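What follows is my notebook in the order in which I looked things up.

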Amino acid sequence: MRSLLQDLRYAARTLSKSPGFTAVAVATLALGIGANTLVFSLFESLLLRPFPFPNLDRLVTVWEEPPAHGGGPQVHRRPLSPGDFLDLRREATSFEKTAAFRYRDFRLTAVAEAADVRGVSVDQGFFETLGARPTTGVAFGPTDFEPGRDRVAIVSEAFWRRELGTDPGVLSRELLLDGERYAIRGVMPADFHYPLGSVEIWTPLAFRNAEESERSVSDLVVVARLKKSLGLVAARAEVGAIARRLERRYPRSNTGRRLTLLPLREEQAGVIAPLLSVFGAAAVFVLLAACANVANLQLARSVARRGEIAVRMALGAGRWRIGRQLAVESLLLSAGGLGLSVWLVDIGLEGIRRSLPQGIAVWFAGWRNIGLHGPAFAFGASVALATTVLFGLLPLARLRRAGPGALDLRGRASSAFGRKGGLSGSLVVVQVSLALVLLAGAAATV
């Protein structure tokens, strides 16, 4: 440990004597590390953890695939009918909990001025299925889903602030929605945004007797939580079997209908994943170009330091000792690049967050939570460590062939280190090639 601290102090002094080289190397690495960390932050927020629900990998949505008509292409998936949903909930054994909701727009009056508010009517167990609960008040109880007793509502945190002035007595307030009074049961957390689309009011979904057998109108989005012991494949097989039974039972309405499951986190993957793949590939090219640039700088610097290395080897320092010193210097450069990249990533993510219009952003899960979180920082640190290896290997590889007699104290060309032109030229070719690929890709996407 004492020797390592000595190496760190010596590396810091050495780098401080070459401020130009240090600044260029740190800035170059910061761009490469920052680009990759930024893309991973988007990947984590939009694809890995788009919703703040516990055990997100067990949450799925159930969709209907209606039959194609006239031999045309398959129609896009659509919600379920009330009758199919109720049969699914009764017969499915793969789910721990199952719930449904339908979108509903309200006309809000008697708060400020009349305004249209986006809302949804949710089935019993909706919040329990997602693993969410109000921060103020309680979720809907069983009696709230009885017809005639369903005039209650839960509001979003944004609605509570905007329309109710963060009133601490919000649970004693009422809302006038579509001309009817709704008692407020609770306020959801600020990070709860489900379903998507600026939903601010949740009301109970009370099925009437006639609606329970309705199969011609498909307007219920179904969300379910898989049991711990069952996987997605088994659950898909079961809902497929249920769809076939419903087809035999109700041939007039269900012929050709199929049910399919989609993990909740993958609902927007078809739109986001291809875009992030392109950004990720570009970020990798930027990182490789940055490493090639810094490796070239390191090679030039190692040739200039032949005399210093020769003296140290003549005084008894072995290749391992000198190699460790050079590795520590590379590590410090990567650490500086990581520190600067954190600042760059924070600025970049804020710009991305503000760039998408609010009317579009509300339809992307995780957009509001984009930021440099713990996993993204850990990824950035891993990339920084990888860059230490990538641009630090070449000087160390040349050092393996060096001996005290092969190094020129007077600064002449050394046979051990060889001419830098060949390898440096190769690195320049690599940088130019990577830059051309990036430019071509950017031009193709414009």
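**Salt bridges**

I counted 26 salt bridges, taking as one a side-chain nitrogen of Lys or Arg within 4 Å of a carboxyl oxygen of Asp or Glu. I note at once that this is a predicted model, in which local features need pLDDT of at least 70 and side-chain atom pairs count only at pLDDT 80 or more, while totals for chains, interfaces and linings use all residues. Residues are numbered from 1 along each chain as its sequence is written, and side-chain values use heavy atoms, with hydrogens and water left out.

I looked up Glu-64 and Arg-257, whose side chains meet in a salt bridge at 3.5 Å, N to O. This pair links distant parts of the chain, with Glu-64 in strand 1 (residues 59-65) and Arg-257 in the loop between helix 7 and strand 10, 193 residues apart; helices (H or I, at least four residues) and strands (E, at least two) are DSSP runs, numbered from the N terminus. Glu-64 is buried at a relative accessible area of 1%, and Arg-257 is buried too, at 7%, where buried means under 20% relative accessible area, exposed over 50%, and partly exposed in between (1.4 Å probe, protein chains only).

I then turned to Arg-215 and Asp-84, which form a salt bridge at 2.5 Å, N to O. Here again distant parts of the chain are linked, since Arg-215 lies in the loop between strand 8 (201-204) and strand 9 and Asp-84 lies in helix 3, 131 residues apart. Arg-215 is buried, with a relative accessible area of 9%, and Asp-84 is buried with 2%.

For Asp-116 and Arg-107 I found a salt bridge of 3.0 Å, N to O. Asp-116 counts as exposed at 60% relative accessibility, whereas Arg-107 is partly exposed at 39%. Salt bridges that share partners join Glu-64, Arg-78, Asp-84, Asp-87, Arg-90, Arg-215 and Arg-257 into one network.

**Chain as a whole**

I recorded 13 helices and 10 strands for the protein chain. Of its 446 residues, 45% are buried, and its accessible surface comes to about 21700 Å², with 60% belonging to carbon and sulfur atoms; areas come from the Shrake-Rupley method with a 1.4 Å probe, and for residues only the protein chains shown count as cover. Among contacts (heavy atoms within 4.5 Å) between residues at least 6 apart in sequence, 79% join residues at least 24 apart.

I checked the confidence next: the mean pLDDT (the predictor's confidence in each residue, from 0 to 100) is 82, and 81% of the residues reach 70 or more. Over residues 70-74 the pLDDT is below 50, and beyond near neighbours in sequence I find five contacts for this stretch in the model. Residues 406-420 also have pLDDT below 50, and that stretch has 34 contacts in the model beyond near neighbours in sequence.

**Helices**

Which residues of helix 6 are buried? I list Ala-235, Glu-238, Val-239, Gly-240, Ile-242, Ala-243, Leu-246 and Glu-247, and their cover includes helix 3 (82-91), strand 2 (95-109), strand 9 (221-226), helix 7 (251-254) and strand 10 (258-263).

I placed Ser-41 in helix 2 (residues 19-48), where Ser-41 is buried with a relative accessible area of 0%. Not counting residues up to four places away in sequence, Ser-41 touches Val-345, Leu-349, Gly-371, Leu-372 and Ala-376.

**Backbone**

I noted a cis peptide bond joining Tyr-194 and Pro-195, with omega about -5°; Pro-195 is in the loop between strand 7 (180-187) and strand 8.

Thr-166, although not a glycine, has a positive phi of about 50°; Thr-166 sits in the loop between helix 5 (157-164) and strand 6 (174-177) and is partly exposed at 31% relative accessibility. Asp-178, likewise not a glycine, has a positive phi of about 55°, lies in the loop between strand 6 and strand 7, and is partly exposed with a relative accessible area of 39%.
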